[in-house]
Amino acid sequence: MTTQKSNEEMYPLLPLRGLLVFPHMVTPLEVGRPRSINALENAMIKGKKLVMAAQREVANLEPQPEDIYPIGTLCEVKQLLKTPEGQIRILVEGLERVRITEFNDTDFYYEVSVVHEESTDNEVDLEMRALIRTVREKFEEYVLSSNKRIPKEILATILDIKDPDRLADTIAHQLVIPLEDKQRLLERLNVKKRFEDIYELISKEIQIIDLEKQIQKRVRAQMERNQKEFYLREQIKAIQKELGERDDKVTEVEEYKKKLSKLKLPKEVKAKVVHEIHRFEKMPPMAAETVVVRNYLDWMLSLPWSTRTKDRIDIDEAQRILDQDHYGLEQVKERILEFLAVRKLTKGMKGPILCLVGPPGVGKTSLARSVAEALNRKFVRLSLGGVRDEAEIRGHRRTYVGALPGKIIQAMKTAGSMNPVMLLDEIDKLAADHRGDPTSALLEVLDPEQNHTFGDHYLEVPFDLSEVMFITTGNVLHAIPGPLRDRMEVIQLPGYTEEEKIEIAKRHLWGKQLKNHGIKEEQLKISDNTFSRIVAEYTREAGVRNLERQLATICRKAAIDIVKGVKLPIRVSVNNLEKYLGIPKYRHSQAEKVDKVGVATGLAFTQFGGDILSIEITVVDGKGKLTLTGQLGEVMRESAQAAMSYIRSRSRELGIDSDFHETKDIHMHVPEGAIPKDGPSAGITIATALASALSGRPVRKEVAMTGEITLRGRVLPIGGVKEKILAAHRAGLTHIILPQENRKDLEDLPDNVRKKLRIDLVEHMDEVLDLALLEEAVDEAIGFIPTEQTEVSGSWLEDPQ
């Protein structure tokens, strides 16, 4: 129970920061705040008494009434000393507890009304004596363990105090505890409860002091061990210096440790590196294994274990970069933008590995570089062409002389980040031999479920490849092994139309070549029609590499004229193009100029894109011999046999003698005999040429065809439709015959190409013959009818037509 004096008194208030004054205690203070100095000066005038109360926040320089604790101490100023710095040092004695009931702001300081608070339950009974003895013993333990923070002389003072109230305040004043705890003791008027609180606080402080001592002991032991090691190392250095030995190795070890301390390595990797540094430190400098360990540490500490670039997945920016770097290829661009959009939505998506498949020169590598630019990632290229050793992917074990990490880890070091765009070029040209299969090693690299713990034989620790964006390239899809192809998302780049090539030349290639040859745009001019003629008559490819070479040739020849002082600008036109590039290398159109007997035009798909394929058949009197020439593969030979059987079965409907297989020799030849040819898609072309040669009905000159044939005459679907149709378009053919089941592939055709072609879809060989052969036969079915003066065995034959 608290009793209060009825009368209230007014005193100046001096707020305290970070401390408070207990009754009966003499405390030195420094006063510096203007309002506090004003309150002190007023107190010195009015009896040297003032109220001191702690403020709740130490950093508050202008406390308001609500910022000050309501219970404080009425104090008397015993001494006062002013310093040259403008501060005042005072010595005050706490008189008694007071409660602030009212604040009066005098503009210069606070004046407060207070009532006096008296302690309760202060009788010295048995319980009080037990409390006093327990607290004294605990306080003595606290003083002895406080590491000289409290002078031991205070214990003698404590023993002389008989009044419980004063004893409790004296002990509370000596405790090094937070201000909130001291304020709680000041506000505790019940003396017995105050002793209980003091005992609890002292016990807690003793536990903290014991923990501090344990921490200090551990730190001291570690420091002593480090000092001992330092002392021993300095002794070793001194001995080496006296012996004239170099201490380069010690310097190396220190550099390795310094690098290690700066890197954020995975726990397993760090343990491995620390172990190898200790091994290296103990090895003799001239030992052979020292070089092995040194190289290993150099590799481990140079890899980007924790370095990453910040992704910039901006769809608009990616669209701008792709359009800036590439013309056409809309389907490919759309797929890449879809991929980037998904990565943005899923943040850390372990996306599928992209595989760009297409003929040379269509922009596979530059597309990958554009993806890296759009993502703001590092770009690194790794060529896999001709790689036949598994160790080139997984690395060599350190037991071998000259061992190194595999190409994947080497590329990561070159990239310098954990999340680059890595281009695996020519993945369809991997090889295998007795040294292992690199394709199998790549299965782990390109599997999102496994590559977060990729194992390189040299590193001997897992390396995380899950953040790498892999893009692979190849010319043909069938050359990529099935398990590897299954892990990748294939994007086809079939090739460019002539119109696209012309635009690429105008927008990208011409300016690039002018810059490479140091020619200004106003010095050399070229017309649009000239670009068209270069594409049509000087190049025959799916990509644009040869086109770029032709433009480079023009620039080189123009450079000679510029150096000679020819009048500028130099103009390259259709009329003077042969001066720079020579005579045309290709005819403007590859289509036959007249309808011919025994000659049919097929469509082929090669690693360089689509191409046209003429199949020639000659029929002469004989005994039914079938001759196949032109380096035909086994599949193509079987197609010829199937076509032969089909024609025999339909000889009556086609108007062919039923015994032709006994009285005629048939010779089938595919020109460019030095080039191997194979595949099933020439089946209907062979059958058409054979029917034409035997029946004497010419094949329409504008027709090209592709499709597989069965013995019953069914036309089966084939692949590479877009590439084949583009090749026919480039060659000037206007009528294409395709299998019915390839209808779905026509959606990929550019609109400008589709409008210029007639495309017929067929299911049976009879439909093909109706579309491809003329109704009337010529007089003589000799299989080949010359259309111009044609040189044969050194003589000239006049065109019989």
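I began with the term I needed for the strands: two strands count as paired if DSSP finds at least two bridges between them. I also noted at the outset that this is a predicted model.

**Entry on strand E23.** With that rule in hand I looked up E23 and strand E24 (residues 758-762), and I found that they run parallel and are joined by 5 bridges. Within this pair, Ile737 has Asp760 in E24 as its bridge partner. I then turned to strand E20 (residues 703-705), which pairs with E23 in the parallel sense over 3 bridges, and there Ala704 is the bridge partner of Ile736 in E23. Checking the cover of E23 (residues 735-739), I saw that the strand is mostly covered, with 5 of its 5 residues buried.

**Entry on the open sheet.** Next I traced an open sheet of 5 strands, paired in parallel and ordered E8-E9-E12-E7-E13. Strand E8 (379-383) and strand E13 (488-492) are the edge strands, each pairing on one side only. On average, neighbouring strands of this sheet are turned by 25° against each other, direction ignored. I followed helix H14 (residues 407-415) as well, which packs on the sheet and touches E8 and strand E9 (421-425), while its direction makes about 155° with that of E8. Further in, strand E7 (residues 353-357) runs parallel to strand E12 (residues 469-474) and is joined to E12 by 4 bridges, and Leu356 stands opposite Thr473 in E12.

For disulfides, taken as cysteine sulfur atoms within 2.5 Å, the count comes to 0.

Notes:
Residues are numbered from 1 along each chain as its sequence is written. This is a predicted model: local features need pLDDT of at least 70, side-chain atom pairs count only at pLDDT 80 or more; totals for chains, interfaces and linings use all residues. Side-chain values use heavy atoms; hydrogens and water are left out. Helices (H or I, at least four residues) and strands (E, at least two) are DSSP runs, numbered from the N terminus. Axes are lines fitted to C-alpha atoms, for helices over the stretch in contact, and angles run from 0 to 180 degrees between N-to-C directions. Contact means heavy atoms within 4.5 Å. Buried means under 20% relative accessible area, exposed over 50%, partly exposed in between (1.4 Å probe, protein chains only).
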